Protein chains: 2
Amino acid sequence: MITLAVDAMGGDAGLAVTIPGCVAFVQRQPNAHLILVGDETAIHQALKNADAPSGRISVRHAAQVVEMDEAPQLALKNKKDSSMRVAINLVKEGEAQAAVSAGNTGALMATARFVLKTIPGIERPAIAKFLPAADGSVTLILDLGANVDCTPQQLTQFAIIGSELFQALHSRTPRVGLLNIGSEDIKGSDTVKQTFALLKNSKLNFIGNVEGNDIFTGKVDVVVADGFVGNITLKTIEGAVKFIGSTIKQEFQANLLTKLGALAALPALKRFKNRLDPRKFNGAIFLGLRGVVVKSHGGTDETGFAFALEEAYHEAKADSLAKIEQGVAEQLAALPSADSDNAAA
Amino acid sequence: MITLAVDAMGGDAGLAVTIPGCVAFVQRQPNAHLILVGDETAIHQALKNADAPSGRISVRHAAQVVEMDEAPQLALKNKKDSSMRVAINLVKEGEAQAAVSAGNTGALMATARFVLKTIPGIERPAIAKFLPAADGSVTLILDLGANVDCTPQQLTQFAIIGSELFQALHSRTPRVGLLNIGSEDIKGSDTVKQTFALLKNSKLNFIGNVEGNDIFTGKVDVVVADGFVGNITLKTIEGAVKFIGSTIKQEFQANLLTKLGALAALPALKRFKNRLDPRKFNGAIFLGLRGVVVKSHGGTDETGFAFALEEAYHEAKADSLAKIEQGVAEQLAALPSADSDNAAA
């Protein structure tokens with residue numbers, strides 16, 4: 001049995017999305033147990049309204065809620081009994097194997113980092129996400145915004161935690177690429193060039209620089225960038241997918257002929273929509289912490305929230321954290337920079 | 001009559017693409033005159049094979065060709081009679097109003113900068129491109145890779161030249177946005193924050209930070225980033241468009257039902273493909289130089305090359321360079337940093 005702690009109050013819509021998402025999820029995963037954290041009375045009422053199955057869903061009261069726009073440091077200081085904080089405490093105390101929240105990203109990261117701490121040797125946690133790529137494969141990309149400025153050492157740590165997560169979930173050594181503006185070794189900013197040198201000397205399966213278009217080709221499994229570049233890349237992808245989707249829609253609605261075509265094309269269009277449905281890729285992973293924390297998009301619906309729960313469930317089931325901790329220790333020990341203070345400088 | 005100087009030898013396929021592209025273009029634009037620069041004999045032969053109309057296409061001999069992978073500085077030093085260099089010389093000498101090349105990007109930029117120089121007050125040229133956005137609008141994004149590391153002053157200069165180009169081509173004051181990881185004023189790296197302050201105090205129509213997804217919404221006209229972020233963003237978009245296109249194709253070929261649907265959907269799919277055809281957005285603009293230079297993708301086909309010619313033609317026709325030079329002078333004079341040495345530091 002895998003137990004997930006759920007911040008039931010988080011997200012733009014709170015219980016209206018999290019409860020049906022949780023119900024859908026436990027019906028799909030017979031070996032999952034959920035602890036819903038938040039306003040006890042409201043949660044029980046919502047569960048009743050959603051006709052939730054008994055067993056496998058329990059409730060833990062938390063009196064506070066972190067607001068979506070609350071300053072992370074204030075939430076950390078003043079909201080010690082928030083649904084978010086209590087859910088993460090459950091992971092810390094071993095009652096749950098993972099926590100999931102659709103709440104305030106900054107507050108969730110600050111809280112998770114404060115409560116769980118980072119894996120030894122990892123200076124900062126990163127945000128990672130699996131994206132769809134060619135032939136049904138997936139590409140893990142990190143950091144997606146937790147760290148705007150990064151040192152070459154930190155970027156190398158991101159490469160390591162990303163590689164170890166991919167390995168834990170997919171049982172093969174992933175190809176790691178450094179997001180850059182050209183495939184030649186000498187490209188990029190000084191930080192990126194130094195990172196290149198560190199990665200080349202690591203025990204990772206480093207395939208060199210990759211460009212933005214490589215994210216989708218399936219030729220790289222783990223794409224490493226700082227949080228500034230990674231976040232802009234992710235948002236650009238989200239924007240492109242949305243724009244292209246609405247363009248297709250417009251062109252199918254252009255005239256009677258195209259509208260008739262749309263009817264006939266419905267099966268293919270549904271398959272297409274289903275395959276690239278952003279809700280299926282909703283779970284953002286807080287990586288590098290001593291605990292599994294998954295962030296759902298704040299504005300997602302119940303389907304999207306259920307997919308965030310799936311992401312946490314699979315990580316917990318694969319025992320990814322123990323594997324990552326062990327892998328990180330081995331990778332860091334093998335780095336040349338472990339022998340000298342600053343090999344890359 | 002607008003005269004364009006064309007590097008006929010540049011690009012992965014050279015004359016096989018440039019000549020038919022030029023022929024298609026002059027047939028479409030009755031007021032365009034082309035000077036094709038390169039191996040005289042080969043060009044005349046290719047024109048003959050392509051059944052090119054006489055008049056409006058002339059040929060200028062150049063004995064050398066810059067290789068696609070040649071080091072820019074070596075090309076600059078050793079290839080003074082290259083088709084690329086001679087085409088840019090024609091702009092410098094006023095024989096042509098713009099130059100177009102599908103050749104080596106780095107060499108073209110180095111040569112253009114050396115021969116034409118930058119507009120007074122602009123430290124470095126940038127690469128800019130129009131991308132399709134919602135409701136048939138376009139968004140200009142720069143820099144796309146000419147400058148990996150930029151100062152806040154240089155990013156502000158990019159905002160100015162981008163804004164002035166947009167204004168010259170679209171006859172309205174564009175909304176300028178700074179590509180960042182959040183829309184709040186305080187987001188981003190130190191450089192980005194300082195750029196924000198400079199732009200806020202400028203006379204530009206600065207709408208603040210924009211995110212990756214805003215590129216496609218039509219809510220911003222000019223998106224400013226350094227060349228590292230801009231290039232990764234552009235490549236990511238190209239990759240996403242290609243990936244989504246091939247996913248649609250796959251789903252329409254999934255089974256007999258979807259294949260029949262594809263037949264019926266053909267009119268809409270064609271409209272869609274035509275609207276987002278990357279060849280229509282092929283012309284990358286070298287901006288900030290004292291001359292109009294447009295770079296075609298090296299691997300494009302004749303249709304794409306003809307669109308790069310169109311881009312150069314419209315810039316020349318709009319007298320964009322004179323307008324940009326005047327606009328830059330006015331914008332720079334209005335910047336607070338013109339009064340003190342380093343207002344943003």
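Biologist: At 44% relative accessibility, how does Lys117(A) count in this model: buried, partly exposed or exposed?
Modeller: The model is a predicted one, and in it Lys117(A) sits in the loop between α5 (105–116) and β5 (126–132) of chain A. Although Lys117(A) is not a glycine, its phi is positive, at about 65°. Buried would require under 20% relative accessible area and exposed over 50%, so at 44% Lys117(A) counts as partly exposed.

Biologist: Asp135(B) is not a glycine either, so what is its phi, and what is its relative accessible area?
Modeller: Asp135(B) is found in the loop between β5 (126–132) and β6 of chain B, and its phi is positive, about 60°. The cut-off for exposed is over 50%, and Asp135(B) is exposed because its relative accessible area is 71%.

Biologist: What percentage of the contact residues of chain B recur in chain A, and what area do the two chains bury between them?
Modeller: With the 180° rotation that superposes chain B on chain A, the same surface serves both copies, since 100% of the contact residues of chain B recur in chain A. The contact draws 50 residues from chain B and 50 residues from chain A. Of the area buried between the chains, 75% is on carbon and sulfur atoms, and the total is about 4400 Å².

Biologist: How many salt bridges does the rule find across the interface of chain B and chain A?
Modeller: Side chains of opposite charge can pair when their charged atoms come close. Over all chains, a search of the whole structure finds 26 salt bridges. Across the interface of chain B and chain A, the count is six.

Biologist: With which residue of chain B does Lys235(A) meet in a salt bridge?
Modeller: The side chains of Lys235(A) and Glu211(B) meet with an N to O distance of 2.4 Å. Lys235(A) lies in helix α8 (residues 227–252) of chain A and its partner in the loop between β8 (206–210) and β9 (222–224) of chain B, so the pair joins two chains. Lys235(A) is buried, and so is the residue asked for, Glu211(B).

Biologist: Arg271(A) and Glu251(B) also meet in a salt bridge; what is the relative accessibility of Glu251(B)?
Modeller: The N to O distance of the bridge between Arg271(A) and Glu251(B) is 2.6 Å. The pair crosses between chains, running from Arg271(A) in helix α9 of chain A to Glu251(B) in helix α8 (residues 227–252) of chain B. Arg271(A) counts as partly exposed at 39% relative accessibility, whereas Glu251(B) counts as buried because its value is 6%.

Biologist: How many residues apart are Arg172(B) and Asp221(B)?
Modeller: Arg172(B), partly exposed at 36%, forms a salt bridge with Asp221(B), buried at 2%, and the closest N and O atoms are 3.0 Å apart. This pair links distant parts of the chain, from the loop between α6 (152–170) and β7 (176–179) to the loop between β8 and β9 of chain B, and the residues are apart by 49.

Biologist: Which residues does Gln29(A) contact, leaving aside its neighbours within four places in sequence?
Modeller: Gln29(A) has its place in the loop between α1 (15–28) and β2 (32–38) of chain A, and it counts as buried because its relative accessibility is 14%. Beyond those sequence neighbours, Gln29(A) is in contact with Arg56(A), Glu310(A), Tyr313(A) and His314(A).

Conventions. Residues numbered from 1 in each chain as written. Chains lettered and ligands numbered in written order. Predicted model: local features only at pLDDT ≥ 70, side-chain atom pairs only at ≥ 80, totals over all residues. Heavy atoms only, no water. Least-squares fit on C-alpha atoms with pLDDT ≥ 70 in both. Contact = heavy atoms within 4.5 Å. Buried area = accessible area lost by both parts, 1.4 Å probe. Salt bridge = Lys/Arg side-chain N within 4 Å of Asp/Glu carboxyl O. Helix = DSSP H or I, 4+ residues; strand = E, 2+ residues; numbered from the N terminus. Buried < 20%, exposed > 50% of the residue type's maximum accessible area, 1.4 Å probe, protein only.
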